[in-house]
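Biologist: Before we look at anything in detail, could you take me through how one reads a model of this kind, feature by feature?

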Amino acid sequence: MSYIKIDKDKCKSCYLCMDVCPYKLIKKSNNIGTTGEYTVEFSDSEKKCIGCAQCAIVCPEIAIIEVNRE
Amino acid sequence: MQVYSIPKSIKKDSKFTFCKGCDHGVAIKLIAEIIDELNLKDDTIAVSSSGCSVLLYNFLDVDCLEAPHGRACAVATGIKRAHKARKDDKFVFTYQGDGDFASIGLGESMHSALRGENITAICINNTNYGMTGGQMGPTSTMGQYTTTSPLGRNKEYHGFPIKTAEQIALCDGTQFSARVALYDIKNILRAKKIIKKAFECQKNNKGFSFVEILSSCPTNWKLSPQDSHTKIKDELTKIYPLDIFKDTTND
């Protein structure tokens with residue numbers, strides 16, 4: 001099963017990762033981050049993540065600290 | 001299987017202090033990945049300059065020196081030559097903004113290229129002076145609204161913007177000059193390939209290599225991170241075309 005790990009302390013809510021995810025698995029969470037906006041979270045209940053790492057490549061803050069592909 | 005992790009050349013527990021959506025983070029991440037891939041971490045000396053790019057030494061786990069405003073290429077020349085004289089060759093690169101490389105330090109930068117110094121210069125072009133609040137820079141486009149050109153840049157009063165990568169490619173000492181952008185996945189991967197080529201140019205003792213990176217500045221452009229990337233894609237790449245302008249590394 002592929003999955004990513006997000007460091008929510010580093011996330012600055014630019015939401016660039018939400019736009020590139022091919023299955024839209026990254027969503028806004030209820031946690032308010034350093035910029036006063038909602039940080040992102042990874043929710044993959046149907047196990048759709050393919051581990052393409054596009055979110056990690058585009059993240060300007062290295063907040064996506066790990067991508068694991070099966 | 002882990003396919004992505006934080007590059008080893010990024011300092012542990014460091015947190016980027018750039019504005020949200022700023023492409024500086026992506027650029028530093030790419031440089032760290034390339035330093036890891038070429039195994040240069042122990043032999044690298046980075047030279048940062050004034051502007052947002054000065055923060056490089058807070059994040060990159062290599063030896064860094066902060067040069068006076070605009071003089072990064074001159075300082076890098078000194079470091080490179082001093083180490084070469086001691087037969088302890090180091091990998092030296094500069095990380096500058098467009099105001100630093102192409103405005104106040106244009107003389108130093110261009111003469112480093114003309115001398116064919118064996119260093120690599122990376123210039124982040126965000127078309128304004130980001131750190132001081134978005135004043136008009138040498139690369140501001142025609143009609144661009146900034147705090148010092150409130151009616152838009154016009155040719156009668158302000159003149160025309162400089163196309164750095166083309167100008168540096170005209171210098172005979174330059175071996176590699178290219179322009180890249182970071183607005184989508186395809187261009188980020190292309191940028192990585194081209195920066196790696198510039199680093200290899202120095203590693204193989206070819207001469208001066210230069211990469212200009214078109215970057216977004218959402219805070220001073222007063223746009224969202226997404227709209228900033230659209231602006232680069234639709235407007236800036238028309239004025240500053242993405243290309244390799246000189247490449248003699250294979251000769």
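This is a predicted model: local features need pLDDT of at least 70, side-chain atom pairs count only at pLDDT 80 or more; totals for chains, interfaces and linings use all residues.

Biologist: How many residues of chain A are in contact with chain B, and which elements of chain A supply them?

Modeller: The size of an interface is often given as the accessible area lost when the parts come together. Here we can count contacts: 22 residues of chain A are in contact with 20 residues of chain B. On the side of chain A that touches chain B, α1 (16-20), α2 (54-58) and β4 (64-68) each supply at least two residues, and by class that side has 11 nonpolar, five polar and six charged residues.

Biologist: In what sense do β4(A) and strand β1 of chain B pair?

Modeller: Strands of a sheet pair through backbone hydrogen bonds, either parallel or antiparallel. In this case β4(A) pairs with strand β1 (residues 2-5) of chain B in the antiparallel sense, over three bridges, and V67(A) stands opposite Y4(B) in β1(B).

Biologist: Which residues touch the most other members of the largest nonpolar core?

Modeller: In soluble globular proteins, nonpolar side chains tend to be buried together. The largest nonpolar core here has 81 residues, of which C17(A), C59(A), I64(A), I195(B), V211(B) and I213(B) touch the most other members. Helix α1 (residues 24-37) of chain B gives the largest share of this core, eight residues. If residues up to four places away in sequence are not counted, C59(A) touches L16(A), C17(A) and I64(A).

Biologist: What is the strand order of the open sheet in chain B, and which strands stand at its edges?

Modeller: The open sheet has seven strands in the order β3-β2-β4-β5-β9-β8-β10 (chain B), with mixed pairing. At the edges stand β3 (63-66) and β10 (244-247) of chain B, each with a single partner strand, so one side of each is left without a neighbour in the sheet. Neighbouring strands of this sheet are turned by 20° against each other on average, direction ignored. As one example of the pairing, strand β2 (residues 44-48) of chain B and strand β4 (residues 91-97) of chain B run parallel and are joined by five bridges, with V47(B) opposite T94(B) in β4(B).

Biologist: How does the reach of helix α3 of chain B compare with what is expected, and what do its buried residues pack against?

Modeller: Helix α3 (residues 72-85) of chain B has 14 residues and reaches 20 Å from its first C-alpha to its last, close to the 20 Å expected at 1.5 Å a residue. Its buried residues are A72(B), C73(B), V75(B), A76(B), T77(B) and K80(B), and they pack against β2, β3, β4, α4 (98-104), α5 (106-115) and β5 (120-125) of chain B. After α3(B) comes K87(B), whose phi is positive, near 60°.

Biologist: Which residues of α5(B) are buried?

Modeller: They are E108(B), S109(B), M110(B), S112(B) and A113(B), and the elements they pack against are α3, α4, β5, α6, β8 (174-181) and β9 (208-214) of chain B. α5(B) is followed by G116(B), whose phi is positive, near 65°.

Biologist: Where does T146(B) lie, and with which residues is T146(B) in contact?

Modeller: T146(B) lies in the loop between β7 (135-136) and α6 (164-169) of chain B. With 19 other C-beta atoms within 10 Å, T146(B) is partly exposed, because a residue counts as buried if 20 or more lie within that distance. Leaving aside neighbours within four places in sequence, T146(B) is in contact with N128(B), G134(B), Q135(B), M136(B) and S140(B).

Terms used. Residues are numbered from 1 along each chain as its sequence is written. Chains are lettered from A and ligands numbered from 1 in the order in which they are written. Two residues are in contact if their C-beta atoms, placed from the backbone, lie within 7 Å. Helices (H or I, at least four residues) and strands (E, at least two) are DSSP runs, numbered from the N terminus. Ala, Val, Leu, Ile, Met, Phe, Trp, Tyr, Cys and Pro count as nonpolar, Asp, Glu, Lys and Arg as charged, and the others, Gly among them, as polar. Two strands pair if DSSP finds at least two bridges between them. A nonpolar core is a set of buried Ala, Val, Leu, Ile, Met, Phe, Trp, Tyr and Cys residues joined through C-beta atoms within 7 Å. A residue is buried if 20 or more other C-beta atoms lie within 10 Å of its own, exposed if 12 or fewer, and partly exposed in between; C-beta atoms are placed from the backbone. Axes are lines fitted to C-alpha atoms, for helices over the stretch in contact, and angles run from 0 to 180 degrees between N-to-C directions. The expected span of a helix is 1.5 Å times one less than its number of residues.
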